[in-house]
Structures are given as C-alpha cells and as structure tokens.
Amino acid sequence: MSRRTLTLDDRLHDYVLAHNREHPELAKLRAATASHPRANMQISPEQGALLQMLVKLIGARRTIEIGVFTGYSALAVALALPVDGRILACDISDEFTRVGRLYWERAGGAEKIALVLEPALHTLDARLATGEAGRYDFAFIDADKSNYDGYYERCLKLLRSGGLIAFDNVLWSGRVADTVDPATDADTAALQWLNDKLKSDERVDLALLPIGDGVTLARKR
C-alpha cells in the first residue's frame with residue numbers, strides 16, 4: 001500500500017501499457033492518431049481499459065459518449081458492451097470522427113455506435129424530450145470543458161439509478177489547483193467549479209482519480 005499515487009516515468013508507463021489488454025484495432029487507431037495535431041485529446045490505453053471494466057461491472061447496455069475525437073474511447077466501450085449494447089456518440093466533427101470509423105468496422109464495434117454530429121446539448125435535450133430519462137447506464141464526458149456542467153446535468157437525468165458518469169481531464173494538467181482568472185482561463189475555471197460542485201452534490205457517489213489527466217467517477221444514487 002502507499003499513501004500517495006505513484007508517479008509514472010516512461011519506463012513504468014511502458015510497463016503499464018505492456019500489462020494491459022488492448023484490442024489490436026484499438027492499438028492501430030491509437031497509432032493512427034499519434035501524428036494528429038490534437039493527439040493529446042485522445043485518452044490513454046489504461047483509461048480505455050478502465051472504461052471497459054466499468055461498463056462490464058455495472059452491466060451497461062445503453063451508454064453515452066460526449067466528445068468522440070478519433071473514436072478510441074467509443075471503440076473501447078463498444079468492445080466491452082454485450083451484443084445488444086449501444087453507444088450514443090456525440091460530436092461535432094466529421095473530420096475527426098472519420099479517422100476512427102474504419103477501425104470501428106474492422107473491430108466489429110461499428111454497429112454498436114450511433115454517431116450524432118451536432119452539439120451534444122441538443123442531442124441530449126432531444127433524448128430527454130422523447131422520454132429517455134433513466135434509460136441509460138453509463139456516460140463518458142470528454143468534450144469542451146465550459147459545457148461540462150450542462151452535460152452532467154443532462155446525463156444525470158438520462159441515467160438510471162446506479163448509473164455511472166465518467167469525466168475526463170478533471171485535473172487539467174494540474175491547473176485546477178491554481179488560482180485562475182475566469183475571463184482568461186475559462187476552461188480551468190469551469191473545471192474548478194464542476195469539481196467543487198460534484199464534491200457537495202448529494203445526488204451522486206464520487207471518486208476523483210489521478211489517472212491520465214484526472215478521471216472523476218460519479219454514481220447516480
């Protein structure tokens with residue numbers, strides 16, 4: 001046991017990667033994204049493995065992803081879902097999401113991913129308007145930080161009791177621990193506000209984990 005989370009140097013991170021299970025098409029998609037100008041937006045393989053474990057542990061069948069980028073996390077979750085599992089995948093970029101679609105097909109996960117290219121708040125509001133509140137099991141939020149709270153509130157309504165929301169980037173390269181001016185650093189301020197809100201939100205059980213750039217898990221009570 002340790003009183004603090006271990007710091008990963010490159011040697012130890014390579015060891016972690018070598019001892020996690022990564023589907024070959026996930027590894028190929030990760031390699032294809034590595035040269036992308038925004039490659040830092042992709043989650044790490046260990047985060048993908050965590051998402052897969054979480055959806056299996058809660059028996060998820062209907063899930064939501066907000067912020068698809070090139071599709072690594074969507075494919076990771078799709079591969080962990082049962083045959084009748086589905087992902088409502090929300091993004092605004094055809095260019096970015098197009099990168100991953102070949103790998104979704106080759107891995108056999110494409111039929112589980114319903115990609116909707118429009119602002120996610122519109123997509124979530126539409127699902128609520130058609131009576132889908134309480135019908136989802138899991139949500140992964142990894143998009144524009146200024147809208148995290150809006151995504152959270154809508155996903156909380158869409159999830160069943162016992163459903164799980166995972167937020168990425170909640171440590172924001174450590175900047176959430178700094179004093180910031182919201183006028184000049186709106187993303188950091190939005191994450192600080194959300195982290196404070198979640199800590200006192202009695203509607204959820206909570207764990208903030210220093211994995212990747214910080215992952216918060218919020219379980220709907």
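**Salt bridges and pockets in a predicted model**

R106 forms a salt bridge with E25, and their closest N and O atoms are 3.1 Å apart. A salt bridge here is a side-chain nitrogen of Lys or Arg within 4 Å of a carboxyl oxygen of Asp or Glu. R106 lies in helix α5 (residues 94–107) and E25 in helix α2, so the pair ties together parts that are 81 residues apart in sequence. Helices (H or I, at least four residues) and strands (E, at least two) are DSSP runs, numbered from the N terminus.

This is a predicted model, in which local features need pLDDT of at least 70 and side-chain atom pairs count only at pLDDT 80 or more, while totals for chains, interfaces and linings use all residues. Residues are numbered from 1 along each chain as its sequence is written, and side-chain values use heavy atoms, with hydrogens and water left out.

E25 also forms a salt bridge with K28, with the closest N and O atoms 3.5 Å apart. K28 and E25 both lie in helix α2 (residues 24–33), 3 residues apart, or about one turn of the helix. E25 is buried, at 9% relative accessible area, whereas K28 is partly exposed at 42% and R106 is partly exposed at 45%. Buried means under 20% relative accessible area, exposed over 50%, and partly exposed in between (1.4 Å probe, protein chains only).

Another salt bridge joins D149 and K197, whose closest N and O atoms are 2.6 Å apart. D149 lies in helix α7 (residues 148–158) and K197 in helix α8 (residues 186–199), so this pair ties together parts that are 48 residues apart in sequence. Salt bridges that share partners join D149, E153, K197, D201 and R203 into one network. The whole structure has 18 salt bridges.

The model also has pockets. On a 1 Å grid over the protein atoms alone, a pocket is an open set of points where a 1.4 Å probe fits, with protein on both sides within 12 Å along at least five of seven lines; lining residues have an atom within 4 Å of a point. A volume is the space filled by probe spheres set on the points, which are joined across faces, edges and corners.

The largest pocket has a volume of about 1100 Å³. Of the 45 residues that line the largest pocket, the closest to its centre are N40, M41, D142, D168 and N169. The second largest pocket has a volume of about 290 Å³. Helix α3 gives the largest share of the second largest pocket's lining, 4 residues.
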